[in-house]
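Here are some exercises to work through with the model open beside you. Try each task before reading its solution.

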Amino acid sequence: MTTSTMKTPAKSPYWAGVRDGAPFILMAVPFATLFGVIATDAGLTLAQTMGFTILVIAGAAQFAAVQLMVENASIAFVLLAALAVNLRMAMYSASLVPYLGSAPLWKRACIAYLNFDQTYITSVARYEARPEMTVSDRVAYFFGVATPITPFWFGMTLVGILAGQAIPEAWALDFIMPIMFLAMVAPMLKSLAHVAAAAMSVGVALVLNGLPAGTGLLIAAGAAMLTGALVEVWMERRRT
């Protein structure tokens, strides 16, 4: 490749992705640190917590799974809860197919691993704004967005583990989990459908609180998704 055809860092899709992904570090640092602290408080070892965060790399699913572990839920319920929380990733993947579906298999496998909220939302916005991008440029941009976020997610989880091990057992951290979920859910309540789904999930979870650990949560999640879908359909009919 000649010098004239080489892309400078300023014009490189990869470095553009790094630039657009860098602000998300501000979010990854506290979330990852808190996960490390909570996982340690729940009884997970350093190896288990790091293995968990590296394999799953999905904040909401990780917090949900740890909460069920604290409640002594069965492995089946833990996995189902994590799957329910991460169902949106299937929609993300389907949405990326028109843009990245023709990329080599190994690149698509890496994209699937790094496909979380921040990489998806940022990349799709870029693809829609610049339809002239080649598949290679799109892949490079996606990896660029993931580059500053992923190492901080892993590294700050380790910091949280070490910090959690230094916290005395008398300092109960149980209150952090519900506060964390409220912080994650509140910004997502952007429409009547979202509010209805959240209200339904809270109501059903409270009513079914006496069921075995994890059962009420899964039923509440299903009821919430159904409620949100029905309200969305009703709103669409009203608009038309």
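The expected span of a helix is 1.5 Å times one less than its number of residues. Keep that in mind for the first exercises, and remember that this is a predicted model.

**Exercise 1. Check the span of helix H11 and find where its buried residues lie.**

Solution. 
- Step 1: Helix H11 runs over residues 192-207 and has 16 residues.
- Step 2: From first C-alpha to last, H11 reaches 22 Å, close to the 22 Å expected at 1.5 Å a residue.
- Step 3: Now look for burial, which means under 20% relative accessible area. In H11, Ala 193, Ala 196, Ala 197 and Val 204 are buried.
- Step 4: These four cover an arc of only 100 degrees around the axis, which puts them on the same side of H11.

**Exercise 2. Describe helix H4 and the residues on either side of it.**

Solution. 
- Step 1: Ile 57 lies in the loop between helix H3 (46-56) and H4.
- Step 2: The phi of Ile 57 is near 40 degrees, a positive value in a residue other than glycine.
- Step 3: Is Ile 57 buried or exposed? At 7% relative accessibility, Ile 57 counts as buried.
- Step 4: H4 itself covers residues 59-70, 12 residues in all, and reaches 17 Å, close to the 16 Å expected.
- Step 5: The buried residues of H4 are Gly 59, Ala 61, Gln 62, Phe 63, Ala 64, Ala 65, Val 66 and Leu 68.
- Step 6: After H4 comes Asn 72, with a positive phi near 60 degrees.

**Exercise 3. Which residues does Met 69 touch, leaving out those up to four places away in sequence?**

Solution. 
- Step 1: Met 69 is in helix H4.
- Step 2: With a relative accessible area of 32%, Met 69 is partly exposed.
- Step 3: Beyond its sequence neighbours, Met 69 touches Leu 44, Phe 52 and Val 78.
- Step 4: Take one of these partners. Leu 44 and Met 69 are 25 residues apart in sequence, and their C-alpha atoms are 9.6 Å apart in space.

**Exercise 4. Find the largest nonpolar core and the elements that build it.**

Solution. 
- Step 1: The largest nonpolar core has 27 residues. Those with the most contacts inside it are Leu 96, Leu 100, Ile 111, Leu 114, Tyr 127 and Phe 142.
- Step 2: Helices H2 (25-41), H6 (88-100), H8 (117-129) and H9 (135-166) each give two or more residues to this core.
- Step 3: H9 gives the most, with 10 residues.
- Step 4: A second, separate core of 13 residues includes Ile 38, Phe 63, Ala 65 and Leu 68.
- Step 5: Return to Tyr 127. Outside four places in sequence, its contacts are Leu 96, Tyr 99, Leu 100, Met 133, Arg 138, Val 139, Tyr 141 and Phe 142.

**Exercise 5. How do H8 and H9 cross, and which residues make the contact?**

Solution. 
- Step 1: The axes of H8 and H9 come within 9 Å and cross at roughly 145 degrees.
- Step 2: The crossing of H8 past H9 is right-handed.
- Step 3: On the H8 side, the contact residues include Tyr 120, Thr 122, Arg 126 and Tyr 127. On the H9 side they include Arg 138, Tyr 141, Phe 142 and Val 145.
- Step 4: At 12% relative accessibility, Thr 122 counts as buried.
- Step 5: Apart from neighbours within four places, Thr 122 is in contact with Asp 20, Phe 24, Tyr 141 and Val 145.

**Exercise 6. What does Ala 28 touch, not counting residues up to four places away in sequence?**

Solution. 
- Step 1: Ala 28 lies in helix H2.
- Step 2: Its relative accessible area is 0%, so Ala 28 is buried.
- Step 3: Ala 28 touches Ile 149 and Trp 153.
- Step 4: Ala 28 and Trp 153 are 125 residues apart along the chain, while their C-alpha atoms are separated by 5.6 Å.

Note on methods
Residues numbered from 1 in each chain as written. Predicted model: local features only at pLDDT ≥ 70, side-chain atom pairs only at ≥ 80, totals over all residues. Heavy atoms only, no water. Buried < 20%, exposed > 50% of the residue type's maximum accessible area, 1.4 Å probe, protein only. Contact = heavy atoms within 4.5 Å. Core = buried A, V, L, I, M, F, W, Y, C linked by side-chain atoms within 4.5 Å. Arc of directions from axis to C-beta. Axes fitted to C-alpha atoms, helices over the stretch in contact; angles between N-to-C directions. Left-handed = near helix turned anticlockwise from the far one by under 90°.
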